[in-house]
Each structure stands twice: as structure tokens, then as C-alpha cells.
Amino acid sequence: MPIAHVVLAAAALVGWSDITIQASRGDRGFSASHPYVVAIDRPSPRTLETLKRYDLERRYRKDPEHTLLSLEKFARAQPSAELVYALAELSWIDAGRNERWHKAVAMGRYLDAVAYAHDYLFDPELANGRGPTDPRYRLACELYNAALERVIRSAQESGPITPQGNIKLKVGEKDQELNVVVRSTSWKPTDVHKLLPCSDFEIYGLATSRNQYGLGVPLVAVRESDPKATEKAPGEKFYPPEMAFPLTAFIAPNSRLRDPTEDVNQTRQCTLQLVDPIAYQFATEQIAFETDLTTPLAYMWSRTDLEKFRWSGLMRPEAALERANLLLIRPYEPGKIPVVMVHGLISSPLAWIPMLDELQRDPAIRERYQFLLFMYPTGVPLPIAAATLRDSLTQAKALYNPDGRDPAFDHMVLLGHSMGGLLSHCMTVSSGDELWQLNSDQSFDDILGPPDVLAQLRRLLFFEPEPFVKRVVFLATPHRGSDLGKNLIGRVSTSFISDPDYIHKLLSQLVKDNPDAFNRKFRRFPTSIETLATDSPILTAILDMKPATDVAYHSIIGSIRPDDRRQTTDGVVPYRSSHLDGVASEKIVRSDHGVQKDPLAIREVRRILHEHLGLKSPNPRDDAPIAAAGEDPGLPAIPANEVSTPR
């Protein structure tokens, strides 16, 4: 089998997520985001009825501008929902007519459309004339959003929008400054280096239809690290070079309905508020913030080199080892429980995007949890990868909870997919001398060697449970290995993985200093793929290690077809390998090895996170173990609240 075919087969088996993002062409993205409003290029029948009622229909055909002024006078004299909606709609239409040749006039009309739509939706004295079932109610939201996005796009033509600064706009013949502020977020104004409308992008591989519809313009906010900076804040080490996060733009313009002395020709006073939808939920009885969590997430990871890192991390792990790190997707927030997501073989943090995208939509999870992604080169031997994860978690502890005053940190949850589940397992067990005895029958204390060499070996082979980890979710984890490690794919892939040079030197030094303690062939650790063999001594040793008594374990297992659970497989890991006795819960879902992106698996993780908070799941059916398709419902359910030693 050609090497390229082997590589592609391996890639298919590990369950990658195919997620792409591309820029929308022209105005296509805007039109797709606001299809109903874009189609409004003439007064609707109900607005025409309003014009007729005030004897303005004929005048509107000949002189739209002065007709709008007349309608504004009627609205100020006796405000009504009917009049105010008509003003919002007609302002939008007039703005579109002037967009090409009279941009300053169009800007004023767009601001009017935003303001009158806002009056229609929120003015308490108009409540009797509007209702959420009225088609104009939803159209008012659409008019507000589309007109505000036009204002933002026009403002960006003059330069980037800077938080805590001002935007200079040309409105008619007048200049106007629009204040910009960032509200209700852990991000600082200086973190926002550029703002991009979400409608500028088209996403493939993620369901954007799950976005929350409401009021405001979803934006991608981008934070760029300065590679030339000599001094960085402590938390910078966990920041990707370029971070993208969601903000929703919202303004509340001053109303002209209640101030008869105000000149309608004066520019409106308003502030552009950039609100973090993760941290702040704006809602009335019917309206919430328009929210797009998906596009910023896809944009952020499309700007990385993680596609290449999948392979460089497998084939040349030592060169990529210095990049191993925890990655924050937003500033660390004390009081929120960390959830660390650990990817599997031939993979990267990209594998978690579908689950991350879905979990962030849950209000309780959004309020109580924060997500960190662990990135590591998957070609390194398992003891090295596990030690790297342990070091990263310890560094996070030293930075974010050095004195133990934040109890949320000490309730950390680990989500581990495939080999990532093995690394996560190692964070919760006491190694004893299980790993050491795989290589020598002598006590480690009797081994001779340079102190630094012995210290490195002790770091890799001897460890205790991390006390702040309280729950681990295994997803398609090969606790007893996989045939992938022995078949052709495993053999060919292993032959192309370069051993870390420093490990070779370390072990060679030990064999030289202790000729009777080791087999002379002991010059290397098994590669990650070799470790996943069904007869792997390392996996057996991990299963024999003593787990912490206060850690809850959960298993989510993929099955590609209905079968006796003892015979089923996800195509890579059979049930007999991914099953652990005594876990708090086990769930089988119809999925291949990429179980971390399966909707039922994501729902199960969501249930587990609610359980971790002591909350009931939002879906009552999720509170009890559910038999997946093909799973025997007659088998006894594993209690969801039982915590015992896995074996």
C-alpha cells in the first residue's frame, strides 16, 4: 500500500472534523444574513396603508425625503407603533436608494432606521400597538440589525473601529462622532485589534443555524499577540498567537418621539456598545442578543497552522514538543471550573471545535465553566506526552490558583479523546513503580547516573494524581489498545516517527552507567502508535495503577453498527478496549472513532457537566442513562452517581 494511502486511511480512522471558513463574495454574506430586509426596496402594504391614512401616499412617490419629515412630525405629535414602524421601514428604503451616490445621506437614514426600529421595539408607550406575533415585530428586529450593520461597515471604510474611542461619521452635511465601548466582558478594550462582521464569512462543517437570533450585529473580534514584545503578561503563555472571540454590536439611539424641541435635522446621539455574549445575556421578555459563537471559533482556528501540526507533531515530535501547551480561548476567569480538552492521535485541538461550539450555547455551562485546549505532538511516547500535560496543568495551577483560594479550579474536568483519554487517565492515578518495572528489575533508587538524567526519568515514570482534577470523561479511549497499532497502518506510521533525540541520549547514558540493570536494547520508549498495541505493557501498567478516590470517571464509546456490545467497535477501538468497570457512567453512541463530534456524545458530555455542578440536565431524559441504537436496553444501567475504582 503506498504511503500516501496509508496516511489518508489513518486520517480517516481517527475521526477528523472537516471544518472550513471562507470569505463571502461581495454582498452575498450580508444578503444571506438579512434576507427579509434586503428584499424591502419599496413600502410594504401595511406601510402604504399608513401613508394613505395620513394622505402621504402620492407625495411619497414624488418626494420621499419630505414625506419622511412629515411622517416624523405626525409621530412626534402623537406617537403610535404603526407610525414608528413605517418610519423605520421607509428610512431603510431611502438609505438604500442613496447608498451608491449619496453615502452621507444614506448614513443618516440608516441611523434613523436603527433608531425608529429601537423605538418600536422598546418604547413603553407603544406597547399596546405592537406584539411578538405581529410580522412587523420581527421585521423591526431585522431592520435594526441590517441598518446597524450598514452603519458599522460604512464606519470601517474610514478606518478600524477602536474600542474606548470614537468613530467619525459623515451624516448628511454634518460630522458625527459615535462613541465605542466594550461592555460586560473579561476582555480588555486593548484586546480588540480588529472587528469583522460575522456575515463576511461562510462556514462549512458546523451548523450556524444554532446561532441565537435576536437584536444586534454579531462580530468577530480579533486579538493579535505582539511577537516583538519583550515582556508579556503571565497569562500570555496560554494564548494562541491570534485569538478570535464573539462580540455583539448594539446601540440605543436617542429618541425624537418625546422631545418636541429637538430638531429632526440634528445628528442622533448614540454609543456603539460591543457586548460579550458569553459573559452577558441581554433579554427582555421576547428579545435576546443576536449571537454568533460559531464564526469566531472557526475564524480563530482557520488562522493557525494546526493542520500541519497534526503531521509534524506525529512524524517529528521532538521538534514540535516545545509547542505543547494549554490554550485558552478567552481570558481566564476565576470562579469558573476549568474543562481541559485533550485531543487524540494524529489530531489537534481542531478536533474539539464541534463540541466546543455546542457546549458554549448552554447558559449554565457558559456561566460556570471555562474551556482550555491541550495541544501536544502526538508522536511522542506516552510518558513524555503525559508529563507534558501534567507540567502544563501544574503551571496553570501556579498562575491561576497559587494559594488555593479559588475552589472552582480544584474541581477541574478533563475530556480526553482516544490517546488523549490515556493522558487524562495518567493525571488521576499513582504510578508507583509500574512503568519503571517495565524496563528494570532493580529499584530506581539504586540506579546510577547524572542527577539531571535521573530527575528527567523520575518526572516521566513516577507521578501522583493531580489533586485538582475531579472528573474525567473518556471518549473512544483505547485503555487496552487497538489493532491499529499492529496492522499495516500502525507499522508503516511507526517507521516514520523520529525518536526524541534527548530521550535516546538519556537512556543510553543509563544503560552505560548500569550495565546489569537494563537490557542493552533499552534505548528508546515505544512510540505513541506502538503504545496503542493490544499487548502494550504501558497500557497494562496504567490500568494497574491506583486511582485517586475522589475522581469520577465516565466513558463515551462509539459503535459503528448494532451488535453485541462485547463485539462492537468504532472502527479503531473495540468496546472491550474502551470499556472500564466501575465508571460513574458509560454511554454507547452510533459513531465512528471521531466520537467527540457526535451529537449524542456531545449531549452526554453536557449532561455530565451539569451533573458535575449538581444540576439536573435541561433535558429530563438526559438524567438517566439512555440506550443507544443497537445497545441492549435489557442490560443493567450503570448508576450515574456511582464513583468507584475503574479496572
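Which residues in helix 17 (residues 451-461) are buried? Keep the question in mind while you load the model, which is a predicted one.

**Stop 1: helix 17.** Select residues 451-461 and look for Val453, Leu454, Leu457, Leu460 and Leu461, which are the buried ones. They lie on the same side of helix 17, because they cover an arc of only 125° around its axis. An α-helix has 3.6 residues a turn, so residues three or four places apart point the same way.

**Stop 2: the nonpolar core.** In soluble globular proteins, nonpolar side chains tend to be buried together. Here the largest nonpolar core has 183 residues. Select Trp92, Leu272, Trp301 and Leu415, the residues with the most contacts inside this core.

**Stop 3: strand 4.** Select residues 194-197, which form strand 4, and pick out Lys194. Lys194 counts as partly exposed because its relative accessibility is 26%. Not counting residues up to four places away in sequence, Lys194 touches Val220, Ala221, Val222, Glu224, Glu242, Tyr299 and Arg303. Now draw a C-alpha to C-alpha distance from Lys194 to Ala244: the two are 9.6 Å apart in space and 50 residues apart in sequence.

**Stop 4: two cysteines.** Select Cys141, which is buried at a relative accessible area of 3%. Then select Cys426, also buried, at 1%. How many disulfides does the structure hold? The count is 0.

Methods:
Residues numbered from 1 in each chain as written. Predicted model: local features only at pLDDT ≥ 70, side-chain atom pairs only at ≥ 80, totals over all residues. Heavy atoms only, no water. Buried < 20%, exposed > 50% of the residue type's maximum accessible area, 1.4 Å probe, protein only. Helix = DSSP H or I, 4+ residues; strand = E, 2+ residues; numbered from the N terminus. Arc of directions from axis to C-beta. Contact = heavy atoms within 4.5 Å. Disulfide = S-S within 2.5 Å. Core = buried A, V, L, I, M, F, W, Y, C linked by side-chain atoms within 4.5 Å.
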